[in-house]
Amino acid sequence: SRIIFATGNEGKMREIREILKDLNMDILSMKEAGIELDIVEDGSSFEENALIKAKAIAQTDVCRAHGDIVLADDSGLEVDYLNLEPGIYSARYMGEDTSYRIKNQNIIQRLDGVPEDKRTARFVCAIGAVFPDGRVITTRGTIEGIIGWEERGSNGFGYDPIFYLPEYGCSTAELPMDVKNKLSHRGNALRALKEKMCREHLM
Ligand code: ITT
């Protein structure tokens, strides 16, 4: 059967394809499956929002007709000094259409003068999965880091240029995708998903 990934974010989609390639299943984005749907993410946690997206897509005629497995990723950046902001509002922070240049500069500015040990942050990723028989699972992955002092690197997407890994001496935007995937919140959440799917005989 097919896996449909309920995301419109191409950065996520690139990483997801790479992380799930060993499943040897067809992995389609919403767009590739011909599904266009505006989903209101009004949940109060990453897990809730991931399931809202996966369920909305699983209910479409296309997915029901094919018996697709539908996955969704809800993720974001938690900055400890900012009381875990932007959190589940990471995509909407400063407005959905504001560039990441500006969002990243804004976060750096809000941490002006804050010493390294108080700059701790993490990326969080929740994966929601809906199976053709109606069963539902979620998994979560995280990666710990600090907010940097300037933007560095051009790989990845979103907040990667300001998310530094002190033990690697670089930002996640400076890592090749395969290295980021081995360490990342998304890699960890999707590996947990694969394990759960095997354990619960969902594939
Ligand atoms: P979909 O809902 O269509 O999947 P989205 O971008 O709106 O796309 P989210 O609501 O889950 O997705 O928002 C996640 C945001 O968190 C994303 O837009 C980035 O700004 C940030 N983010 C998540 N994972 C990231 C990563 O690996 N690197 C950098 N930023 C990330």
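These are my notebook entries on a predicted model and on what I looked up in it.

**Ground rules**

I number residues from 1 along each chain, as its sequence is written. Because the model is predicted, local features need pLDDT of at least 70 and side-chain atom pairs count only at pLDDT 80 or more, while totals for chains, interfaces and linings use all residues.

I checked confidence before anything else. The chain averages a pLDDT of 97, and 100% of the residues score at least 70; pLDDT is the predictor's confidence in each residue, from 0 to 100. For the model I noted ipTM 0.99 and pTM 0.98.

**The core**

Next I looked up the largest nonpolar core, which has 41 residues. Such a core is a set of buried Ala, Val, Leu, Ile, Met, Phe, Trp, Tyr and Cys residues joined through C-beta atoms within 7 Å. The members that touch the most other members are Ile4, Ala6, Ala54, Ile57, Val70, Leu71 and Ile127. Several elements each supply at least two residues of this core, among them strand E1 (2–5), helix H1 (10–19), helix H2 (46–58), strand E3 (69–79) and helix H6 (185–199). I take helices (H or I, at least four residues) and strands (E, at least two) as DSSP runs, numbered from the N terminus. Which element gives the largest share of this core? That is E5, with 8 residues.

I then picked out Val70. Leaving aside residues up to four places away in sequence, Val70 touches Ile4, Ala6, Ala54, Ile57, Ala58, Cys63 and Val130. Here a contact means that the two C-beta atoms, placed from the backbone, lie within 7 Å.

**Asp74**

My next stop was Asp74, in strand E3. UniProt, in an unreviewed entry, places the feature "active site" at Asp74, and the feature "binding site" is placed there by UniProt too, also in an unreviewed entry. I keep in mind that UniProt positions are given in the numbering used here, that feature names are shortened, and that annotations may be inferred rather than shown by experiment.

Is Asp74 buried or exposed? Asp74 counts as buried because it has 29 C-beta neighbours inside 10 Å. My cut-offs are 20 or more other C-beta atoms within 10 Å of a residue's own for buried, 12 or fewer for exposed, and partly exposed in between, with C-beta atoms placed from the backbone. Not counting residues up to four places away in sequence, Asp74 touches Phe46, Asn49, Ala50, Lys53 and Ala126.

**Around the ligand**

I found 20 residues surrounding the ligand, and the closest are Thr7, Asn9, Ser90, Ala91 and Gly158. A residue is near a molecule or strand if its C-beta atom, placed from the backbone, lies within 6 Å of it. E3 gives the largest share of this shell, 5 residues. The shell divides into 5 nonpolar, 9 polar and 6 charged residues. Ala, Val, Leu, Ile, Met, Phe, Trp, Tyr, Cys and Pro count as nonpolar, Asp, Glu, Lys and Arg as charged, and the others, Gly among them, as polar.

**Lys12**

I looked up Lys12 in helix H1. Lys12 is partly exposed because 19 other C-beta atoms lie within 10 Å. Not counting residues up to four places away in sequence, Lys12 touches Thr7 and Asp73. Lys12 and Phe157 are 145 residues apart along the chain, yet their C-alpha atoms are separated by 8.2 Å.

**Backbone between E3 and E4**

Most residues other than glycine have a negative phi, and most peptide bonds are trans. With that in mind, I went to the loop between E3 and E4, where I found Asn83 and Leu84. Phi of Asn83 is near 50°, a positive value, and phi of Leu84 is near 70°, also positive. Asn83 is exposed because it has 8 other C-beta atoms within 10 Å, whereas Leu84, with 15 C-beta neighbours inside 10 Å, counts as partly exposed.

What kind of peptide bond joins Glu85 and Pro86? The bond is cis, with omega about -10°. Pro86 lies in strand E4 (residues 85–86).
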